[in-house]
Amino acid sequence: MTWKNWTIVNEFVLVSFSALSIELQALLFLLFLTIHLLTLMGNVLIILVTTVDSALQSPMYFFLRNLSFLEIGFNLVIVPKMLGTLIIQDTTISFLGCATQMYFFFFFGAAECCLLATMAYDRYVAICDPLRYPVIMGRRSCAQLAAASWFSGFPVATMQTTWIFSFPFCGPNRVNHFFCDSPPVIALVCADTSLFELESLMATVLFILFPFLLILGSYVRILSTIFRMPSAEGKRKTFSTCSSHLLVVSLFYSTAILTYFRPRSSTSPESKKILSLSYTVVTPMLNPIIYSLRNSEVKAALRRVSRRTLGPEKL
């Protein structure tokens, strides 16, 4: 008899924020709905501007466009179901629905980690090896790097999700989270999961910590190059080209590392929910804002697109 035949759970219940009062859940619904709409509008705007404006056709903005697509997907996987649990108290999710949500969470999460590392490499080449930048970061190379970042999500999502949902679920079905994340779901398994947890730790190191170390190494070299520049104005302009990416990386990785690398004994389910909100809900909204406010080229492009769309007399 296989584990699958032991499984008697055909749906899960997302605990989400059910411990809060109905009034507070309604306020959270309005807050998260607003954030969700801002996330979609902001990232769609970044995609449109970097596509139609001729001044934003460099590799940096090609990767930024890919990041916005990832953020939209990442947000759509998590937020709509969370909004449903808050406003209509629809806390149930089918066995297949839970597996699908987890699959795409792994997919977009791993792809984003790799894409952020690719963006750091792009800034490293632009600043540390500017003469060879057009050759190294040609159109074909950028397409290959972006495709590799997207593809990296498939193996980890397929392996992790298939393995988790091949375990038997024969007891409680309450997932103490607002989405089907791996740790709260694996806690419901009625079998030995020690081998999976070891593999999961290795996958987390590979797809979170390793890209982070690559980003860290890239910025060590970048900062070393910037500090050797004789002109203070040159230092400022050079650093401004990567400050937006550095801020985005800091927001994403600080919460992701705190979530997945802290000992279980020191992490309560409620604190993990708050940390998860940071990188699944808040950060995707902040990314287009950061790139719009801290990048003069994006701000100028937004003004040009607005003039072409609305006309100068309406601005």
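**Questions about a predicted chain**

Me: What makes the radius of gyration of this chain agree with a compact globule?
Reply: With 315 residues, a compact globule would have a radius of gyration near 20 Å, and the chain has 21 Å, so the two agree. The radius is taken over C-alpha atoms, and the globule rule is 2.2 Å times the number of residues to the power 0.38. Along its principal axes, the C-alpha trace spans about 65 × 45 × 35 Å.

Me: Before going on, what kind of model is this?
Reply: It's a predicted model: local features need pLDDT of at least 70, side-chain atom pairs count only at pLDDT 80 or more, and totals for chains, interfaces and linings use all residues. Residues are numbered from 1 along each chain as its sequence is written, and side-chain values use heavy atoms, with hydrogens and water left out.

Me: How many helices and strands are there, and what counts as one?
Reply: The chain has twelve helices and three strands. Helices (H or I, at least four residues) and strands (E, at least two) are DSSP runs, numbered from the N terminus.

Me: How do you know that the span of helix H4 agrees with its residue count?
Reply: The expected span is 1.5 Å times one less than the number of residues. For the 34 residues of H4 (residues 95-128) that should give 50 Å, and the end C-alpha atoms are 49 Å apart, so it agrees.

Me: Why is H4 called mostly covered?
Reply: Buried means under 20% relative accessible area, exposed over 50%, and partly exposed in between (1.4 Å probe, protein chains only). In H4, 25 of the 34 residues are buried.

Me: Why is Thr91 called buried?
Reply: Thr91 has 18% relative accessibility, so it counts as buried. Thr91 sits in the loop between helix H3 (59-87) and strand E2 (92-94). Leaving aside residues up to four places away in sequence, Thr91 touches Phe12, Val13, Leu14 and Thr85 (contact means heavy atoms within 4.5 Å).

Me: What makes Ser16 stand out in its phi?
Reply: Most residues other than glycine have a negative phi. Ser16 isn't a glycine, yet its phi is positive, about 50°. Ser16 lies in the loop between strand E1 (11-14) and H2, and at 3% relative accessibility it counts as buried.

Me: Why does Leu38 count as partly exposed?
Reply: Leu38 has 40% relative accessibility, so partly exposed it is. Leu38 lies in helix H2 (residues 22-52). Leu38 and Pro284 are 246 residues apart in sequence, with their C-alpha atoms 9.4 Å apart in space.

Me: And is Phe227 buried or exposed?
Reply: Phe227 has 61% relative accessibility, so it counts as exposed. Phe227 belongs to helix H9 (residues 194-227). From Phe227 to Phe239 is twelve residues in sequence and 9.9 Å in space, C-alpha to C-alpha.

Me: What makes Thr158 partly exposed?
Reply: Its relative accessible area is 38%, so Thr158 gets that label. You'll find Thr158 in helix H7 (residues 153-164). Thr158 and Met102 are 56 residues apart in sequence, and their C-alpha atoms are 9.9 Å apart in space.

Me: Of the contacts between residues at least 6 apart in sequence, what percentage join residues at least 24 apart?
Reply: In this chain, 79% of them do.
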